[in-house]
Amino acid sequence: YFKKYRKARDGRSHISRQITLTENEIYKLKKEMNEMGKSDFPIADEHSKTKRSSFRKENFKMLKVDENWEIYIGRSSKENDHLTTRFAKPHDWWFHTRIFRGTHVLLRNLKRQELPEDLKILCCRLAAYYSKAKKSGNVPVDYTQIRYVRKPHGAAAGFVTYKNHKTLYVDPLNIREAKKLIYK
């Protein structure tokens, strides 16, 4: 019994040291991955022990159309999840390719206006470009207001269901070309 007690007592301090070393190593690796630009993981501060990551709108790829409209593009499943479930407002518009995996594109409706046809096509083309169908033509893209998009309980990050959607078939357009179209 003394031997078991000593082993448990010494093991407890050894385990806590190993946990600290592992957390520090994970932090360093995430930092290096972010510096390389290949990470889907937001970095928490080394001293903070909170599990929730803090996303700000600077974390998303953003394209300002004018004072009424802004386009946000999620680049990973976690960003898609946060963009769709927490960042978006009920009158914003949501775009996603129908068959192919890809990012969520959010058209922020700052003044609660009707969706212009040219912006609808532009966002659909961006959603097609940031999907697995970026080299295809005539890509089906679903769009609906964010109020009709739901995340099922316990679903993976970025997975949503939606209703009251319409589908538009478009050719993909990258963000550089989109900027040229907007800022002419």
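User: Why is Asp 81 called buried?

Analyst: Asp 81 has a relative accessible area of 13%, and buried means under 20%, exposed over 50% and partly exposed in between, with a 1.4 Å probe and protein chains only, so Asp 81 counts as buried. This is a predicted model, in which local features need pLDDT of at least 70 and side-chain atom pairs count only at pLDDT 80 or more, while totals for chains, interfaces and linings use all residues. Residues are numbered from 1 along each chain as its sequence is written, and side-chain values use heavy atoms, with hydrogens and water left out.

User: What makes Lys 151 and Asp 81 a salt bridge?

Analyst: Their side chains meet at 2.9 Å, N to O, and a salt bridge is a side-chain nitrogen of Lys or Arg within 4 Å of a carboxyl oxygen of Asp or Glu, so the pair qualifies. Lys 151 lies in the loop between strand S6 and strand S7, and Asp 81 in helix H2, so the pair ties together parts that are 70 residues apart in sequence; helices (H or I, at least four residues) and strands (E, at least two) are DSSP runs, numbered from the N terminus.

User: Why is Lys 151 called partly exposed?

Analyst: Because its relative accessible area is 30%, Lys 151 is partly exposed.

User: How do you know that Lys 180 and Glu 177 form a salt bridge?

Analyst: The closest N and O atoms of Lys 180 and Glu 177 are 3.6 Å apart. Being three residues apart in helix H4, they are separated by about one helical turn.
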